[in-house]
Amino acid sequence: MISEKKQTITLKETITDRVRESPVDLYQSRFRRRITILLVAVAVLLLVARLVRHFTVDRPVDYGDIREQFKYGSIGSEPGGSVLAPVGGLLPPYWIFKTMPDICRDRLPGGYASLGLIYEKHKDLPIGVSRRRRLGFDQLGFNCALCHTGTFRNSPDGVIHIVLGMPAHQLDLQSFFRFQLDCTLDERFTAGNILARIKRAGGKLSLFDRILYRTMIVGLIRENSMRLRGRLGILLGPSVTSWGRGRVDTFDPYKGLQFNWRLEQLPAHELIGAANFPSIWNQQPREHMHLHWDGNNDSVDERNLSAALGAGVTPVTVDHNRLKLIRDWIWTLPPPRYPSYPGEINPTEAARGRVLYEAHCASCHAFGGSATGAVTPLVDIGTDPYRLNSYTFMLAVNQSSLYPDSPYHFSHFRKTNGYANQPLDGIWARAPYLHNGSVPTLRDLLEIPENRPTRFMRGYDLLDHTKVGFISNVPKEKCHACSEFDTTLPGNSNSGHLYGTDLSPEAKDAIVEYMKSL
Amino acid sequence: MTASEVTRVENDIILQPLRFRNLQVKNRIFRSSISGRWDNYDGSGTQTRINWEAKFARGGVGAIISSFVPVHLEGRIMPNYAMIADDRSIPFWREVGDKVHGFDCKFIVQLSHSGRQRDVPGVENFLKKGLSSTSRKDSFHGLLCRAMSIAEIRQVVRYFADGARRAREAGLDGVELHAAHGYLFTQFLSSAINDRRDEYGGSLENRARFLLEVIRAIRKEVGADFHLQVKTNALDYNNALYPWEKPGNSLDESVRVCKWVEEAGADAIHVSVGSIFPHPLVPPGGFPIDEINWWYGVVLPSGVRAYLNYTIFHFKLLRPIFLHLWNRTKKLHPIEGVSAEQSKAIKRAVGIPVLNTGGYQNAQLIREVIRGGYCDAVAIARPLIANNDLVQSIAAGKDLPDRPCSFCNRCLINSIANPLGCYDVRRYDGNQDAMIGEVMTVFQE
C-alpha cells in the first residue's frame with residue numbers, strides 16, 4: 001500500500017476542500033437568507049395575526065327580532081377577557097355544552113329539558129342560552145330569558161305557551177349547576193370523549209381547534225369547575241335548602257364569584273337566600289320603586305346590570321349595547337293577558353273583586369298605590385326572613401365597588417329591613433307566591449299560614465284557573481320536571497302576609513277572579 | 001455596368017464617400033460593432049476574427065467598427081473577445097487592419113470598458129465586482145459592481161489613451177469610444193445610474209467629465225489627426241424594461257453632451273439609445289424567448305438576478321411577464337430607424353458627422369435619413385450578418401436583399417454561447433444544416 005505521505009494531497013484534504021463563493025454567490029446567499037428570514041418572519045406574523053384574530057374575535061350571534069334577541073341573544077355573559085386569563089361565563093363552550101348530557105348521561109338522563117330549560121322547535125339551544133364567538137371558540141352564555149321565560153298550559157294535553165318576561169318557574173338552576181360541575185369533573189370528561197361525541201353530533205372542528213381541545217380547553221374547564229366548586233360548592237350541598245324549581249339564590253353566588261368571599265366562613269343562615277325568579281315586564285313604572293324582593297335597589301338599570309352579573313357577565317365581558325336592547329324592550333313590555341281557556345274571566349265576580357282588591361290590596365300593590373314599591377318591615381309583613389338576611393350591609397358595600405369611574409358605577413344598593421311591595425301586573429303568571437314561592441296559588445295566599453299548603457310541587461306548568469297559580473298537587477311520578485317544596489325547611493316558610501286572610505271565602509274568590517285581569 | 005447604372009450608383013447617396021476631419025470612408029454603410037466569441041480566452045486575437053471582419057469588408061461596407069474591444073481585462077463583457085489591453089495585441093490588430101484595408105474598407109476599433117456590465121466576467125474577473133460609477137447592481141442581470149475611486153478613474157482614462165495609441169500603431173483608421181448601451185461611459189453619463197457625489201456625479205457636466213477626460217487623453221496621446229468618434233445614447237430609456245427604474249438622460253442632455261464631445265476633439269458622433277444591453281430598443285426587433293432559454297445559462301453565475309431571469313425565460317407560463325415588460329416600450333417605436341429622430345436632433349446641434357444605428361437595412365430608408373439630415377451614414381450589424389454583401393445589393397439597385405434580415409435577434413442571443421451568425425432558419429427555408437453551415441464559414445479563411 002502506498003504511504004499517504006507520498007500522496008500530493010490526502011483524501012481528507014480532497015474531501016474537505018473549501019467551498020468558495022463568488023460575490024454573486026455571497027449576494028445570493030445573503031439574499032436567500034434575508035428572504036428566508038423575511039418569509040419566516042411573515043409566516044410568524046401571519047400566524048400570530050391569525051392567532052390574535054382567532055382568540056380576540058368577539059362576534060355574538062344577533063337576531064333581527066327583539067323577541068328572538070331576548071331569547072337567544074348575548075348580553076356578554078360568555079367567557080371573555082384574555083385567552084390567557086379568561087373571565088366570566090357560567091357555561092362551557094358550545095360543543096361541550098352540547099355533548100355533556102351524552103357524556104354524563106346517567107347524571108342527566110332527561111337532558112337539559114328535564115331541568116326546565118325550554119327548547120323551541122328547530123332551535124339548537126334552549127331559551128336563555130346565547131352563542132358568541134369569543135376566545136377562539138363558540139362560547140355560550142346565559143341571558144335574561146333563562147330566568148325570565150316561563151311556560152303554562154291550560155290543560156294537561158294543551159299547547160305549551162311560552163311567555164317572555166315571565167318567571168322561569170319550571171327552571172331548576174341549582175341542579176343545572178350541580179350537573180355542570182359534576183360532569184366536567186367526571187372521569188369521562190376527557191378530550192377524547194368530547195371530540196368523539198362532537199364528531200358523532202356532526203361537529204366539524206378544525207385541526208387547530210382539536211389541538212386546543214386536547215391541550216387546553218378541557219383542562220381549563222376542569223380547572224374552572226374545580227374553582228367554582230371550591231367557591232360555590234357549599235351552596236350546592238345539603239347544608240343549604242335546595243333552591244328547587246323557579247328559584248335562585250341571587251346574592252350568595254355573587255359573594256363568591258364577584259367578590260371572592262369564602263362562603264364557608266359566612267353564617268350558615270346567610271347562605272340560604274333562594275327566592276322566586278321575578279317577572280321583568282313593564283319596567284318603566286317600576287323605576288324608583290324598591291326593586292329586588294328586599295327592595296335593595298331603586299334603579300332599574302342598575303338592577304339589570306346586577307342581574308347580568310348573576311348570569312355570568314363581568315365588568316370586562318359585559319355587552320352594554322345588547323343589554324340595553326333588552327332593557328329598552330322590557331321597559332314597556334306589557335304583562336301577558338290571562339288566557340281565555342277554559343272560559344273568560346267572570347266579569348261580575350271580577351267587578352266585585354276589584355272593589356275588594358282596591359280596599360285591601362291596592363295601596364301596596366297597584367301602580368300609584370301609596371305604599372307600592374316601598375319596603376314593608378319584616379316585623380310587619382312577617383314572611384320568611386332568610387332572603388332578607390342573606391343580603392347584608394357588607395355585600396352592599398362591596399357592590400358599590402363595581403364599575404368604578406364609569407357611568408355604570410353601582411351606587412343604589414342598600415340594606416333594607418323588609419320586603420318590597422310588588423306591583424301585581426301579570427300576577428296570574430307569577431306563581432308560586434311570596435318572595436320565596438312558598439304559597440302555590442293566590443287563593444292559598446288569602447288563607448292564614450296555617451291553612452296554606454305545607455308541601456306542594458313546583459315546576460308543573462298547568463294553570464289552576466280556580467285558585468290562580470299552577471297545579472301543585474300533581475303526584476311526583478306524573479311530573480318528572482317538578483320539585484317538591486317543603487315549607488318547613490329554612491328559607492321556605494309560608495308565613496306572613498296576612499292581608500285579606502280574614503275575608504270571607506266568597507270575597508277571597510272574588511279578589512282572585514279580579515286578579516286574573518291584572 | 002451600363003451607363004444608367006453608373007449614373008444611378010453615382011447619384012446614390014448611400015454609395016457616396018463620407019469625409020471626416022481625419023478620415024474618408026467610401027460609402028455611407030458602416031458595419032456596426034458586433035462580434036462572436038472568436039478569440040482566445042485571454043483576449044488575444046485569432047484568425048477567425050480576421051475572417052469575420054473580412055466578410056464585411058469583402059461585402060463592400062465603407063468601414064468596420066470593430067467588436068467591443070476592451071481596453072483592460074476588467075472591462076470585458078465576456079471572454080474570447082480580442083482586447084487591446086497591452087502592446088502585444090498590436091500585431092494582431094495590424095493584421096486585422098491589413099486584411100480589411102485590402103478591400104478598400106476602413107477599420108475603426110471600438111475602445112470599450114464594460115464597467116459593471118460584464119455578461120460573462122470570466123475566471124479572471126468573477127471573484128471581483130465590476131467597476132462602475134455606482135455600487136448599485138444593474139437592473140437586468142443584477143451584475144454586481146462597486147464605485148470606482150478617483151485613482152481608478154484616472155487609471156481607466158489611461159487605459160483608453162493607451163488603447164488608442166495601440167490602434168494607431170496598428171495602422172487602424174480610427175477609434176470609437178463606446179459610450180452607449182450601458183457600458184462604463186454610460187454608467188457615468190446616465191442620471192439613472194450615476195449616484196456619485198464627487199466631481200464625476202451629480203450634474204450633467206460632472207457625469208460627462210469621465211468621457212471628456214478620455215477624449216482629451218486620447219487626443220493628447222495620438223494627436224489631433226487620428227479619427228476619434230464617440231458612440232453615445234441619444235436617450236437612455238433606462239425604464240424601458242422595468243417601469244420603476246429612473247428614465248435616465250433626456251435628449252436635451254444628450255445633445256449637450258454631444259456638443260461637449262465635439263468641443264473635446266471628437267470627429268464624429270455615433271447615435272444609439274439604451275442604457276443597458278440588450279435593451280428593448282437596442283437592438284430593435286424580436287426577443288427570441290426560445291433562444292434565451294437555451295443559451296442564457298452562460299450568464300447564470302454572473303448576476304444576482306440571472307437565476308430569476310432564467311426561471312422566467314424557462315417556464316412558458318412565466319414568459320409573458322417578461323415579454324410584456326420587454327415589449328411595452330418597444331411597441332411605441334419603429335424597428336427600422338429606431339433612433340433616427342433623436343439622431344436628427346443631435347446632427348442639428350453638432351458640426352461633425354453623425355452616424356446612426358438601429359434597424360437599418362432598407363436602402364430607401366437609409367437614403368431618406370441621410371438626405372433628410374438625420375445622419376450622415378448608418379451603422380448596420382444584423383442585416384450585414386444576414387447579408388454580408390448588403391452594400392453590393394444596394395449598389396445593384398435593390399432596396400432589400402433577396403433574403404433580408406428579419407431583425408429576429410436570434411444572432412444576438414446565440415452570440416453569448418455560439419459562433420455568431422444568422423440563426424433565422426426561415427432565411428434558409430427551414431434547413432437547419434444549411435443555416436449552421438453558413439454560420440461556420442467564419443472559420444474558413
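Predicted model: local features only at pLDDT ≥ 70, side-chain atom pairs only at ≥ 80, totals over all residues.
**Exercise 1.** Describe how chain A is built and how many of its residues, as a percentage, count as buried.

Solution. Begin with the secondary structure, where chain A has 18 helices and 15 strands. Then turn to burial: of the 518 residues of chain A, 44% count as buried. Finally, consider the contacts in chain A between residues at least 6 apart in sequence, of which 73% join residues at least 24 apart.

**Exercise 2.** State which kinds of residue chain A brings to its contact with chain B.

Solution. The contact takes 6 residues from chain A and 8 residues from chain B. On the side of chain A that touches chain B, these residues divide into 4 nonpolar and 2 polar, with no charged residue. As for the scores that accompany the model, ipTM is 0.78 and pTM is 0.65, while chain B averages a pLDDT of 96.

**Exercise 3.** Work out whether helices α4 and α6 of chain B are roughly parallel, roughly perpendicular or oblique to each other.

Solution. First locate the helices: α4(B) covers residues 150–169 and α6(B) covers residues 204–222, and they pack with their axes 8 Å apart at an angle of about 40°. Angles under 35 degrees count as roughly parallel and those from 65 to 115 as roughly perpendicular, so the angle of about 40° makes α4(B) oblique to α6(B). The crossing of the two helices is right-handed. Last, look at the residues that meet, among them B:Phe160 and B:Ala164 in α4(B) and B:Phe210 and B:Val214 in α6(B). The residues of this contact divide into 10 nonpolar, no polar and 4 charged.

**Exercise 4.** Decide whether A:His288 and B:Tyr237, two residues with a positive phi, are buried or exposed.

Solution. Most residues other than glycine have a negative phi. A:His288, however, has a positive phi of about 75°, and it is placed in the loop between β9 (274–276) and α10 (300–310) of chain A. Because 11 C-beta neighbours lie inside 10 Å, A:His288 counts as exposed. B:Tyr237 has a positive phi of about 45° and is found in the loop between β9 (227–235) and α7 (251–264) of chain B. With 25 other C-beta atoms within 10 Å, B:Tyr237 is buried.

Terms used:
Residues numbered from 1 in each chain as written. Chains lettered and ligands numbered in written order. Helix = DSSP H or I, 4+ residues; strand = E, 2+ residues; numbered from the N terminus. Buried ≥ 20, exposed ≤ 12 C-beta atoms within 10 Å, placed from the backbone. Contact = placed C-beta atoms within 7 Å. Nonpolar A, V, L, I, M, F, W, Y, C, P; charged D, E, K, R; others polar. pLDDT = per-residue confidence, 0-100. Axes fitted to C-alpha atoms, helices over the stretch in contact; angles between N-to-C directions. Parallel < 35°, antiparallel > 145°, perpendicular 65-115°, else oblique. Left-handed = near helix turned anticlockwise from the far one by under 90°.
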